[in-house]
2 protein chains.
Amino acid sequence: MKKLINEPDGVVDEMLEGMVAAHDLRRLEETEVVVREDAPVEGKVGIVSGGGSGHEPTHAGYIGDGMLDGAAAGAVFTSPTADQLSEMILACDGGEGVFCVVKNYEGDVMNFETAVEMAGMESDVEVETVVVDDDVAVEDSLYTSGRRGVCGTIFVHKVAGAAAHRGDDLEEVKRLAEKTNDRVGTMGMALTSCVTPEKGEPTFDLGEDEIELGIGIHGEPGTERTDTMSADEITDHLTEAVLEDLDLEAGAEVATIVNGMGGTPLMELYVVNRRLQELLGEAGIETWNARVGDYMTSLDMEGCSITLLELDDELKELLAYPVETPGLTVTGGE
Amino acid sequence: MKKLINEPDGVVDEMLEGMVAAHDLRRLEETEVVVREDAPVEGKVGIVSGGGSGHEPTHAGYIGDGMLDGAAAGAVFTSPTADQLSEMILACDGGEGVFCVVKNYEGDVMNFETAVEMAGMESDVEVETVVVDDDVAVEDSLYTSGRRGVCGTIFVHKVAGAAAHRGDDLEEVKRLAEKTNDRVGTMGMALTSCVTPEKGEPTFDLGEDEIELGIGIHGEPGTERTDTMSADEITDHLTEAVLEDLDLEAGAEVATIVNGMGGTPLMELYVVNRRLQELLGEAGIETWNARVGDYMTSLDMEGCSITLLELDDELKELLAYPVETPGLTVTGGE
């Protein structure tokens with residue numbers, strides 16, 4: 001399978017160079033960590049995240065005033081090392097502590113834990129963590145105990161970043177991030193497997209008349225393989241799974257994301273959004289804000305995921321808080 | 001080839017429904033035209049565009065305060081009808097005239113011409129047009145006489161939209177749009193062909209060890225088929241072609257777009273941007289702003305294009321002018 005890359009083992013390094021060349025980012029020397037150009041920001045809780053590469057714009061694409069201060073990129077689908085995570089934490093400490101947004105994968109959780117310990121040995125930085133587990137498809141997977149962290153992570157980035165920006169302390173940032181995680185659910189599906197640069201071929205085989213439901217974002221197969229369905233049938237299936245998990249009832253207000261997995265045209269994502277909003281309307285659930293695009297990808301996989309976040313005034317205020325990042329921009333007034 | 005759609009002949013209609021459900025857009029009844037919710041905006045030149053579907057977020061994704069007032073969507077890779085273009089022009093006339101941004105394809109150019117005549121029979125609206133032809137790959141193609149209009153159109157949208165928003169009159173908007181078109185060049189390539197919903201299979205065949213250079217955005221093959229090359233070699237080739245066409249010299253200042261064709265992961269586009277910025281640096285050309293993402297796509301095609309716009313103070317002011325659209329947001333301060 002052809003890719004727009006040079007050597008597979010240089011792809012993360014070269015991608016980061018390309019990001020730094022495009023955006024207001026600074027790369028920590030001899031690491032795959034990027035931070036705000038002006039990090040650390042004094043007098044503000046630092047918000048950081050990280051994980052394997054291949055999910056772009058996640059996470060470095062969400063660095064900006066009002067969202068993340070730093071992001072660590074591991075090899076493709078591989079956790080960053082604890083060393084680098086620790087360096088990131090220290091680089092983003094502006095005196096008010098650092099908050100880590102971690103997707104629930106064993107490697108990420110373990111390496112962040114070690115990193116927090118390492119950072120604690122070098123400085124008196126206070127660190128708190130949220131482990132995001134929004135994927136409603138599976139309780140345990142190849143990479144996780146408990147549910148996986150997927151596209152709902154974007155909402156956690158947004159909420160935590162806005163809270164820190166307006167001056168909330170570490171404890172309050174943590175409360176809001178956990179609240180967001182408690183109220184968000186995601187379910188994904190794939191028309192095709194992704195192809196990693198290293199392997200150069202699909203990580204699972206899927207026939208021309210088959211699709212996978214309940215996929216993750218690391219090329220792991222889904223929870224169910226079915227015959228090809230229409231976009232509406234697929235949307236029904238995904239939406240139902242999330243609604244059931246969140247136990248949403250008529251009158252609820254939500255923010256939604258129809259997320260592309262990396263190889264899906266925007267045209268198709270809008271077709272899915274059409275049906276999603278129709279379903280929510282039928283269920284008496286009001287959409288406060290709808291996003292459609294590539295937020296949490298899996299390399300070149302064709303497919304999508306649907307994320308719903310149940311809102312209240314507190315969360316709406318933080319989601320509407322202005323921010324400008326390569327991956328998500330809010331100018332206010334939403 | 002699998003797609004996230006329902007019936008192929010409903011895809012444009014359902015996509016537009018999905019867009020209207022997500023963004024502040026209004027669809028003109030019984031058309032495939034979408035406009036700003038508050039169109040027409042009194043006292044401002046209306047800026048409109050349109051063309052075949054399959055290039056999303058082009059064009060409707062660029063509707064917003066400071067960019068487009070309306071966009072017409074034809075069937076996939078097919079010009080909108082003159083009827084609908086005329087309706088769009090009338091719906092976006094706020095008393096100061098309407099400016100049409102047209103990509104150089106025979107169908108689009110002809111239908112916009114007819115639409116302007118039709119609108120003129122129904123009202124005294126003043127209409128001016130720019131025909132964008134930024135593709136440096138070919139002089140004539142399957143669909144055009146002269147060069148094709150591709151990703152450089154985004155810059156024309158931005159410049160014309162900002163000029164109209166700050167109060168420039170129709171003549172001045174036209175001057176600035178033409179100036180932008182004169183200074184912009186694009187060259188694209190593909191790893192794979194796109195697959196139209198209707199046909200369901202690639203519009204041209206490309207071997208596993210072949211790529212196409214100089215492709216358009218309608219599934220037409222490129223100007224040259226070569227063996228697979230590395231991302232750097234591809235970037236060298238595309239950049240050289242654009243630099244030569246624009247005759248850029250050391251000291252010039254540019255805005256750049258590394259544009260994904262719809263099926264290309266962001267990771268790979270950043271790898272291309274890394275090399276592009278390196279090449280510009282070596283040539284003594286300064287990048288004022290670099291964009292990386294899907295701006296002018298060709299359904300699910302894997303590949304990219306590189307666009308360079310030679311800047312001056314006048315164009316920089318208009319590019320930096322704040323705007324918020326689904327496809328492009330500028331908060332100022334660039």
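The model is predicted: local features need pLDDT of at least 70 and side-chain atom pairs count only at pLDDT 80 or more, while totals for chains, interfaces and linings use all residues. Residues are numbered from 1 along each chain as its sequence is written, chains are lettered from A in the order in which they are written, and side-chain values use heavy atoms, with hydrogens and water left out.

**Exercise 1.** Describe the interface of chain A and chain B by area and by polar links.

*Solution.* 
- Step 1: the two chains bury about 4600 Å² (accessible area, 1.4 Å probe, lost on being put together and summed over both). Carbon and sulfur atoms give 63% of this area.
- Step 2: on the chain A side, A:K2, A:L4 and A:M267 lose the most area to chain B, together 22% of what that side buries.
- Step 3: the interface holds 2 salt bridges (a side-chain nitrogen of Lys or Arg within 4 Å of a carboxyl oxygen of Asp or Glu). B:K3 and A:E268 are joined by a salt bridge of 3.7 Å, N to O.

**Exercise 2.** Locate the domains of chain A and characterise their contact.

*Solution.* 
- Step 1: the assignment, which is automatic or from a database, places domain 1 at 10-182 and domain 2 at 184-310.
- Step 2: 30 residues of domain 1 and 31 residues of domain 2 take part in the contact.
- Step 3: about 2400 Å² is buried between these domains, 69% of it on carbon and sulfur atoms. In domain 1, A:F77, A:C151 and A:F155 lose the most area to domain 2, together 26% of what that side buries.
- Step 4: the count between the domains is 2 salt bridges and 13 residue pairs in polar contact, both at pLDDT 80 or more.

**Exercise 3.** State which residues lie nearest the centre of the second largest pocket.

*Solution.* The residues nearest the centre are A:M1, A:T192, A:E302, B:M1 and B:E302.

Notes. 1 Å grid on protein atoms, 1.4 Å probe; cavity = no way out; pocket = protein on both sides within 12 Å on 5 of 7 lines; lining within 4 Å. Contact = heavy atoms within 4.5 Å. Polar contact = N/O pair within 3.5 Å; in protein donor to acceptor, adjacent residues only side chain to side chain.
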